[in-house]
Amino acid sequence: MTMPEPLPETPDLQGAYPRLTEPQIEALAAQGEHRITRPGDVLFREGEEAYDFIIILAGTVANIANYGTDEQQVISVHGPRRFLGELSLLVDQPAFYTALVIEAGKVLAVPRDRLRELVANDQTIGDVLLRAYFLRRAMLIGQGAGFRILGSCYSPDTQRLREFAARNRLPHRFLDLEQNPEGEALLRQLGISPQETPVVIWRGREVLRNPTNADLARLIGIEMSAAPAARCDLLIVGAGPAGLAAAVYAASEGMATELLEAVATGGQAGTSSRIENYLGFPSGVSGAELSERAVLQAKKFGVMMRVPTEVTELQQEGGQYTVRLEGDEPITARTVLIATGARYRRLDVSRLEEFEGTSIYYAATLQEARWCVGDPVAVVGGGNSAAQAALFLAEHVPCVHLLVRSDDLAADMSRYLADRIEHTRRIEVALHTEVRELLGDRALEGLIVKDNRTGERRRIEARALFVFIGARPRTSWLAGQVTLDEDGFIVTGAEDPTFRRAVGRGPLALETNLPGVFAAGDVRGGSIKRVAAAVGEGAMAARLVHEHLNWGVRMTVGRANADRPMSAGGTS
């Protein structure tokens, strides 16, 4: 493979490619080793799972996607005092490109584990690296680096894989068999029939035919999997804001903590383009960044994570709990926190399932925005999530139709969001309006909407529909074990004579009808559907778990003292 010609250094326009100061390099030098580099040296390869943190001291290095293939692409070029890598270095993911030395020089290589310690303990270095790495991940996603998904845009399985990649913020490129001749040629080259699609291609040579989400995670090495402990103190089901907060607080207090998540860390909040009312972030923070920071904190305190992992059942066995998993060994825990959140409700309209695999979405991330570039879209909902989605999509598409059932835009959303929507030219608001029909052949082409005051029906053009219309809790796996309210949300803190007789106390604030099983966040009945509230409940749940475990110890000691024979002096 011919090496790239000398290339100019990529400018740092957004803060993704800063230069380290001499004091910062000196601090890092104590943790690593110096290496001489020659043109053609590969510092790390695409797919490598344990590559070092590299600082360039002299010479030039190019980051190259698909290195060694016909699709080789230079992503960026860097010189002295810049550092390599991206978010994968910190979150146990493989490299999504190859780092190739272009001009001879010298580098400082710091092992990944030592880098994590520095990020956790040195705020100056940590802030520089985190900001750069979050920006680089977003840029990688936009550049189409990483693995490739090859399939039809009309295929539900293709859409499933694309959504999994988007929710997990994974760099990838989609080749649409319906519109891209390159995709058909690649299928013939690989000897794969269209009936076997979608396929995932990784590092130009590893191919999976219609993989499950777990298969995809294993293929590219992003599956977070922990060897199960014999018994953990706290098992958390759900890695949204509530689950992540509980994991951080519980593990920091010394509890053996495991965290399970079916799809992606961050939950519903992780799909938000910008959260502007979260305390401490005056200019806002994306749900993805907030989630990744929380994951790093949880790992810092030793939380064991499994993603993706589907939970199928909860059972009470002899004073502890067993959680059964799909395709894996069950886990036993002293306590359980249910933080599975809620999903947006589906529209009550015909042909919904027909379009859900291709044109209807329940999240609005950078990936979904890329799929819709150049096309008009519609957003259904009147809450903050719908507002944030509309504002974000308006940055990428020519027109966003915001369809709101109520008569007042600010009835269910924050005033600052309503004001911004009213002043955003690309957003067209339709109040007291509902979707009545979906139009199109294989993909969505438009909607028939109805004005609820006048009864008038009209057609609007929309190639994609984003739905944010209220929440439905993720509690089906509980199968009657935990008390639910009439809407399916978990009841917590309710006085129950049976509970009191069995345990010797009433239920704690976030405790369910099962002693030691708690619920926090959107899955809990009566919760406030805000990220900050979910984080607060997660932290509170960790404290209540600690109280429950201490209560059990006190009761055991009390019973032991009561059973101890009296001494001759009449005291125990």
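What radius of gyration would a compact globule with 572 residues have, and what does the protein have? A compact globule would be near 25 Å and the protein has 26 Å, which agrees.

**Figure 1. The whole protein, shown as a predicted model.** The protein contains 14 helices and 26 strands. Along the principal axes, its C-alpha atoms fill a box of roughly 95 × 70 × 50 Å. Of the 572 residues, 52% count as buried. Among contacts with a separation of 6 or more, 68% are between residues 24 or more positions apart. The accessible surface comes to about 25200 Å², and carbon and sulfur atoms account for 47% of this surface.

**Figure 2. Helix α11 and the elements around it.** Helix α11 covers residues 384-393. Nine of its ten residues are buried, so the helix is largely enclosed by the rest of the structure. The buried residues include the alanines A386, A387, A389 and A390. N384, Q388, L391, F392 and L393 are also on the list of buried residues.

**Figure 3. T340 in the loop between β15 and β16.** Strand β15 spans residues 328-338 and strand β16 spans residues 342-344, with T340 in the loop between them. Is T340 buried or exposed? T340 has a relative accessibility of 16%; buried means under 20%, so T340 counts as buried. The side chain of T340 reaches the backbone oxygen of R474 at 2.9 Å. Beyond its neighbours within four places in sequence, T340 is in contact with V237, G238, R474, W477 and V523.

**Figure 4. R505 and its side-chain partners E511 and H548.** R505 is in the loop between helix α13 (497-503) and strand β26 (517-519). Its relative accessibility is 8%, and therefore R505 counts as buried. Which side chains make polar contacts with the side chain of R505? One is the side chain of E511, at 2.8 Å. Another is the side chain of H548, at 2.7 Å. When neighbours within four places in sequence are left aside, R505 is in contact with F499, R500, E511, H548 and W551.

Key: Residues numbered from 1 in each chain as written. Predicted model: local features only at pLDDT ≥ 70, side-chain atom pairs only at ≥ 80, totals over all residues. Heavy atoms only, no water. Helix = DSSP H or I, 4+ residues; strand = E, 2+ residues; numbered from the N terminus. Buried < 20%, exposed > 50% of the residue type's maximum accessible area, 1.4 Å probe, protein only. Polar contact = N/O pair within 3.5 Å; in protein donor to acceptor, adjacent residues only side chain to side chain. Contact = heavy atoms within 4.5 Å. Rg over C-alpha atoms; globule rule 2.2 N^0.38 Å. Areas by Shrake-Rupley, 256 points an atom, 1.4 Å probe, with all protein chains shown as cover.
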